[in-house]
Amino acid sequence: MHKTAMAQKAEVHRLESADEFTEFVYEHGWTDGLPVFPPTRKVVGEMLEYLRRDPEEVLGTIFPADGEATIENIVANCAMAGCLPQYAPVVLAAVEALVDPEFPINTTQSTGSASIFTLVSGPVVNDLKFHTREWIFGPNGGRANATIGRAIRLILWNIGRAHPGKLIKGTMGHPTAWSYCIGEERELAPWGPMHTDFGIDAADSAVTVMKAGEHSQLAVPINTVGLNECITLLARGIGRVGLSTSGGQRGYIYVINPTLAQAFAQAGYTRNQLRAAIAERARKYSYDWQNDQKQGAAAPFPDPYTKTPSERPMFVAPVTPDEIHVAVGGGQAPQMGQCVSISSRSSVGKPMVAKKIRFPA
Amino acid sequence: MLELVSPIGYPRMQSQAQRRSLETPIGRRVGFIWNQYPVTKGFWQRFESAFEELSSPLAVERAYKNNTWAPLDAKKFEQVAAAVDYFIVGVGA
């Protein structure tokens, strides 16, 4: 981090009219493909005025091109995404997480095509009117969700120059990479915000930025199978073959809908007790296909429903409570618990990093 | 008239200025870092032999990782880096 370092001022381009803007951004590679808004001096200036920070201040460099992330070029990307000035502190906190040496941003650009998931939590969620209920992962019309997620992607694109086929070699990409940001539900959540898992005070607002691999939706029919079985179903989500393949640091975020969270809370579960209960029943399976540091013991894979059993053993490892994080969000459904599990694995650094959001004084 | 603030980030000029270029790989000290990825085992040995034959290195250092994904141990890297002029790194599949 180079918070006191200063960079040169951003370049200014002049167009004769707004009609030229769309072709200009595609010609200059300023967009990942989706349309963007003009980062005009006026809009960028309003955001800088709101932030009251030096435009040339450098937060760090963004992999893979190691472009300097300055307050000014971050804000220009916010403007292109359609952010309001009040969203900029959230994006700055996310950038602080991206440039944190603990965050494995370099491994997000490998063939696995991981994307960046951002979870915003605390009072800022309501202040900025995040859409936290039905279709929380979008599209849902929530400006904060969509534009903060877009700003982070554009920062990776324009500052990190994460252009596929050039500096990044992900083989498949992922639809979540266009915009992957949610706000954690507050009113209907029975527990405090997820960022307390990272030592940030519950009264603060924070972003948690994750190197995200698989995004899976799990339905757990509370009224049919009961809460105890729901824990088992949630735990099995982790064990799925291919969810994350091998050794290294792992992390999982479970976003459970308010109905399910309230049912657990009414049954006496705190958030940490739920994390521990899921971990107790979860196992991580790794297929023996590569030369890496396996976790767990090698064992045959006894799947009676597979017509052709695997020729190679599986490695079965326990999952620990600190690898699991639980957030609340999504729509209410009286009879159905819904959960999205997002997985992460990294051989270096931490799968996710949380930062407190600093607002202008 | 529309005035646009560029969203592009550029690498730190100071860091770039500190980079040195290797005039030639011939007759220098070379280091090989290899991840031992299973499907490259046959290739890598042949590659090293062919490269050494072509470049006539003054000295050769080999650092073979035991894990495909994790970086080389930092102390080992520093030790090998001090003994070579440049590296050839085998990564991925």
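**Entry 1: strands across the two chains.** I began with strand 1 of chain A, residues 12-15, and found it joined by 4 bridges to strand 1 of chain B, residues 2-5, with the two strands running antiparallel.

**Entry 2: contacts between the chains.** I then looked up how many residues take part in the contact, and found 21 residues of chain B touching 40 residues of chain A.

Entry 3: Next I followed the open sheet of chain B, in which 3 strands lie in the order 3-2-4 with parallel pairing. Strand 3 (59-64) and strand 4 (86-90) are its edge strands, each pairing on one side only, and neighbouring strands are turned by 15° against each other on average, direction ignored. Between strand 2 (residues 29-34) and strand 4 of chain B I found 5 bridges, the two strands running parallel, and I noted Ile33(B) standing opposite Val89(B) of strand 4.

**Entry 4: a helix over the sheet.** I turned to helix 2 of chain B, residues 41-55, which lies across strand 2, strand 3 and strand 4 of that chain and runs at about 170° to strand 2.

**Entry 5: confidence.** Last, I checked chain B, whose mean pLDDT is 88, with 94% of its residues reaching 70 or more. I remind myself that coordinates predicted with low pLDDT should not be read in detail.

Definitions and conventions:
Residues are numbered from 1 along each chain as its sequence is written. Chains are lettered from A and ligands numbered from 1 in the order in which they are written. This is a predicted model: local features need pLDDT of at least 70, side-chain atom pairs count only at pLDDT 80 or more; totals for chains, interfaces and linings use all residues. pLDDT is the predictor's confidence in each residue, from 0 to 100. Two residues are in contact if their C-beta atoms, placed from the backbone, lie within 7 Å. Two strands pair if DSSP finds at least two bridges between them. Axes are lines fitted to C-alpha atoms, for helices over the stretch in contact, and angles run from 0 to 180 degrees between N-to-C directions.
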